[in-house]
Amino acid sequence: MTPETLSEKEIGLGWHPKRVLLILLIFSIVMMFAAFTSGYIVRQDEGNWREFDLPVSLLLNTLVIALSSAAMQWAWYSAKKDEISRVKMGLGLTLALGVAFLFGQVHSWGDLVDGRTYFGGADANPSGSFLYVLMGVHAFHLVTGLVFVAVILSRTFGYQVHSRAMLGIGNATLYWHFLGGLWLYLYLFLLLNH
Amino acid sequence: MAINNPNLPNFSPAVESQGGIGTAPVSHVAHGHGEHDEHEHHDQHWMWKYVFSQDHKQIAKQFLITGMLWAIIGGLLSSLFRLQLGWPEGTMEWLKPVLGHWVEAGKLNPEFYLALVTMHGTIMVFFVLTAGLSGTFSNFLIPLQVGARDMASGFMNMLSYWFFFLSSVVMFASLFLETGPAAAGWTIYPPLSALPQAIPGSGMGMTMWLVSMALFIVSQLLGGVNYVTTVINLRTRGMSMSKLPLTIWAFFLTAILGILSFPVLFSAALLLIFDRSFGTSFFLSDIYIAGQALPNQGGSPVLFQHLFWFLGHPEVYIVIMPAMGMVSEVLATNARKPIFGYRAMIGSLIGISLLSFVVWAHHMFVTGMNPFLGSVFMFLTLIIAVPSGVKVFNWLATLWRGNIRFTAAMLFAIGFVSLFISGGLTGIILGNATLDIQMHNTYFVVAHFHLVMGSSAFFGLFAGVYHWFPKMFGRMMDEKLGYIHFWLTFAGVYLVFMPMHYVGIAGFPRRYYAWTGFDAFSQFADMNKFISVAAILAFFAQFIFIINFFYSIFRGRRATENPWNSTTLEWTTPIEPGHGNWPGEIPAVYRWPYDYSKPGSEADFIPQTVPYSQTQSSNLPYEKDMGE
């Protein structure tokens with residue numbers, strides 16, 4: 001592609017094209033979960049719905065992912081102030097907390113199975129199956145978020161993330177907050193409808 | 001070839017900048033490597049140029065030719081089941097060399113018949129009219145008509161094609177399975193699609209269908225986000241949203257519909273995969289099969305229909321809106337008149353897009369839904385007639401007293417309007433819940449949607465190919481062959497689908513392999529034969545187009561830069577634009593795209609790139625001071 005300055009273009013929404021691409025992809029993920037959660041409600045209304053208890057460990061996981069969002073925000077803020085070593089620390093912390101969240105989710109699945117809530121098989125009810133699907137699809141997207149954050153971390157080591165190159169880390173921060181917010185939505189949704 | 005102005009700071013939108021638009025470039029990307037890039041394009045390996053190309057024009061051609069191959073396959077399948085429907089007592093023994101064990105004792109295997117209609121629907125709706133139509137023309141026209149060098153992300157655009165290709169390979173391979181391809185209808189309703197033991201087509205064929213569609217959805221999302229971003233961010237100077245050609249508005253809204261609706265199909269398909277292979281019961285409950293009770297409890301097959309049609313209905317607009325956009329463009333150009341009601345055209349596209357998300361349950365009137373809910377969906381469905389009526393009125397008003405040039409593209413555009421009216425009228429009948437319950441699952445429905453969205457989208461596709469072929473390949477298609485192709489296809493489509501309405505009203509059911517067991521339908525034997533003959537002839541008429549297309553790529557008359565005297569930006573590029581589209585700077589835009597036959601102007605068209613200061617004689621009072 002021949003380079004072209006964006007200043008030669010009509011003003012779009014004031015966002016960089018990569019930011020727009022990311023926001024549109026986020027919309028498509030939102031629609032996917034809108035489908036799952038609305039299907040959940042429709043299905044629940046039809047009866048024959050086995051209630052399940054949400055394990056307490058999910059609350060802990062929620063705290064972990066909230067902390068990871070805070071770490072990510074700190075990394076972004078540090079990048080804005082050109083404090084590169086803090087950026088590395090913040091991104092590393094985000095990765096560690098993200099991985100901890102995933103392990104926590106797997107642990108919660110163990111708790112759910114102990115509470116006789118199954119994904120499939122003769123003993124399963126759609127209520128439990130939905131729960132695993134919601135958590136699993138969210139976890140899959142969180143893995144993509146981890147990859148994104150790891151890429152930004154590696155760029156930071158190459159001095160490619162600083163106050164005048166904020167696009168990548170800005171997009172990663174946006175995506176990571178979205179994934180955290182998505183989990184918060186799912187957790188509250190499950191607390192209210194189970 | 002391309003000389004970048006060395007005074008301009010150069011950096012590609014794909015290169016990481018500092019997060020804002022219009023701010024000064026940072027040093028490490030601003031060393032003007034434009035010439036260097038161009039140099040690389042000349043030396044690149046043929047594989048990167050023709051196979052894994054990131055040039056939107058090349059990707060568009062890849063979509064088009066893949067789509068054409070699929071259209072031939074989809075058409076062949078329909079010819080096969082039309083043979084069965086026209087001559088249910090006839091022998092198919094002569095097809096045994098091709099179909100093998102699907103012909104038993106001279107008869108088509110009934111399960112294979114179901115697979116034929118399923119694959120015909122899937123292929124035509126998704127692979128031809130979604131990927132082949134919107135994939136081709138969104139790719140080809142968006143950067144050219146908004147004035148961009150390429151898509152926002154050429155890499156994602158390339159991935160979009162290759163995911164489509166992979167999805168095609170999987171779907172194509174499923175045609176050769178011993179148990180046959182998916183056979184539960186293109187809507188793959190569970191429980192039939194969810195239980196591998198139900199019919200042979202619900203086994204491996206269905207699994208491959210789901211895998212293929214998952215890949216297809218990834219392709220659509222990668223393409224769609226790119227189209228939207230390109231329209232939002234990469235418009236050239238002066239190209240405000242209210243100066244965009246209607247094609248771009250249509251592609252833009254189509255891509256938004258895809259981004260919002262395909263993920264929902266993905267969700268439904270994922271749940272179906274879990275039901276099929278992981279023992280969940282999202283859509284299954286209380287099922288006995290061959291006397292055996294299944295363990296699945298608590299599922300709801302109607303839930304699948306809700307999820308499916310939440311995509312499925314926007315999907316029909318994803319199919320038809322690009323055709324609408326291209327038809328608007330072709331009609332205005334060849335009537336040498338501004339499109340009538342430009343803003344109303346945009347408004348009606350937006351209206352159709354919004355309504356498309358709130359009408360899905362009109363496909364489900366017979367599922368036993370609450371009649372009140374049904375009447376809400378009926379009301380919303382009938383409202384769609386308003387924006388559709390606006391569009392039809394504006395197309396006709398554009399033709400009114402125009403200086404019409406009957407090019408092949410123009411004929412297909414007019415044919416589109418005709419088919420859209422004929423098919424749309426029966427939509428009003430089917431949108432009424434009370435009438436729909438009577439007509440449901442009859443050939444009336446088949447006739448309706450084949451006219452309004454199947455054939456008319458094909459006509460839009462043909463209009464687009466005939467019109468933009470000179471820009472794609474630098475040569476012209478043969479007009480005479482185009483006329484023959486048009487008249488055979490136009491007559492063929494009406495001869496196929498008009499009689500189908502009559503058999504449908506009489507109650508002739510869809511998806512029945514043979515109707516000879518029912519006395520009530522035997523009176524339609526002749527009509528069914530007639531439909532089959534017309535369908536097969538119309539199918540073979542398409543080879544005129546295919547021969548014309550491939551012959552013209554190599555031997556067609558050479559095109560000029562702007563053969564149709566059109567106003568939009570793509571015609572300001574060289575005859576065969578290279579990667580980057582414009583050799584020099586991208587032209588700026590000063591006016592809307594429909595200045596045809598403007599009073600006071602010498603030429604009967606004024607390109608978008610001509611400033612008002614150069615057209616003093618034709619300026620309207622308020623345009624006088626718009627100057628540069």
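This is a predicted model: local features need pLDDT of at least 70, side-chain atom pairs count only at pLDDT 80 or more; totals for chains, interfaces and linings use all residues.
From the N terminus on, the elements of chain A run α-α-α-α-α. That makes five helices and zero strands for this chain.

Along the principal axes, its C-alpha trace spans about 60 × 35 × 25 Å. Chain A has 194 residues, of which 42% count as buried.

At 1.5 Å a residue, its 29 residues should span 42 Å, and because the end C-alpha atoms are 42 Å apart, the expectation and the model agree. Just after H1(A) comes Gly47(A), which takes a positive phi of about 85°.

I turn now to chain B. Its secondary structure comes to 18 helices and four strands. The C-alpha atoms fill a box of roughly 80 × 55 × 55 Å, taken along the principal axes. How does the radius of gyration of chain B compare with that of a compact globule? For 628 residues, such a globule would have a radius near 25 Å; chain B has 25 Å, so the two agree. Of the 628 residues in chain B, 53% are buried. Contacts between residues 24 or more positions apart make up 78% of those with a separation of 6 or more in this chain.

Next, some individual helices of chain B. Helix H3, residues 56-86, has 31 residues and should therefore span 45 Å at 1.5 Å a residue; its end C-alpha atoms are 44 Å apart, which agrees. H3(B) is also mostly covered, with 22 of its 31 residues buried.

A helix pair deserves attention here. Helix H5, residues 110-146, and helix H15, residues 443-473, both of chain B, pack at an angle of about 30°, their axes being 11 Å apart. The crossing of H5(B) past H15(B) is left-handed. Which residues meet at this crossing? H5(B) brings Met124(B), Leu129(B), Leu133(B), Phe137(B) and Phe140(B), while H15(B) brings Gly454(B), Ala457(B), Leu461(B), Gly464(B), Trp468(B) and Met472(B). By class, this contact of H5(B) with H15(B) holds nine nonpolar residues, two polar ones and no charged ones.

Is Trp395(B) buried or exposed? Trp395(B) is buried, because 26 other C-beta atoms lie within 10 Å, and the cut-off for burial is 20 or more. Leaving aside residues up to four places away in sequence, Trp395(B) touches Val327(B), Leu331(B) and Val417(B). Trp395(B) and Ala335(B) are 60 residues apart in sequence, and their C-alpha atoms are 10 Å apart in space.

The other position is Ala184(B), in the loop between helix H6 (154-174) and helix H7 (204-233) of chain B. With 23 other C-beta atoms within 10 Å, Ala184(B) is likewise buried. Its contacts, again not counting residues up to four places away in sequence, are Thr118(B), Tyr189(B), Leu192(B), Ser193(B), Gly201(B), Ser202(B) and Met206(B). Thr280(B) lies 96 residues along the chain from Ala184(B), and 20 Å separates their C-alpha atoms.

Terms used. Residues are numbered from 1 along each chain as its sequence is written. Chains are lettered from A and ligands numbered from 1 in the order in which they are written. Helices (H or I, at least four residues) and strands (E, at least two) are DSSP runs, numbered from the N terminus. The expected span of a helix is 1.5 Å times one less than its number of residues. The radius of gyration is taken over C-alpha atoms; the globule rule is 2.2 Å times the number of residues to the power 0.38. A residue is buried if 20 or more other C-beta atoms lie within 10 Å of its own, exposed if 12 or fewer, and partly exposed in between; C-beta atoms are placed from the backbone. Two residues are in contact if their C-beta atoms, placed from the backbone, lie within 7 Å. Axes are lines fitted to C-alpha atoms, for helices over the stretch in contact, and angles run from 0 to 180 degrees between N-to-C directions. A crossing is left-handed if the near helix is turned anticlockwise from the far one by less than a right angle, and right-handed if clockwise. Ala, Val, Leu, Ile, Met, Phe, Trp, Tyr, Cys and Pro count as nonpolar, Asp, Glu, Lys and Arg as charged, and the others, Gly among them, as polar.
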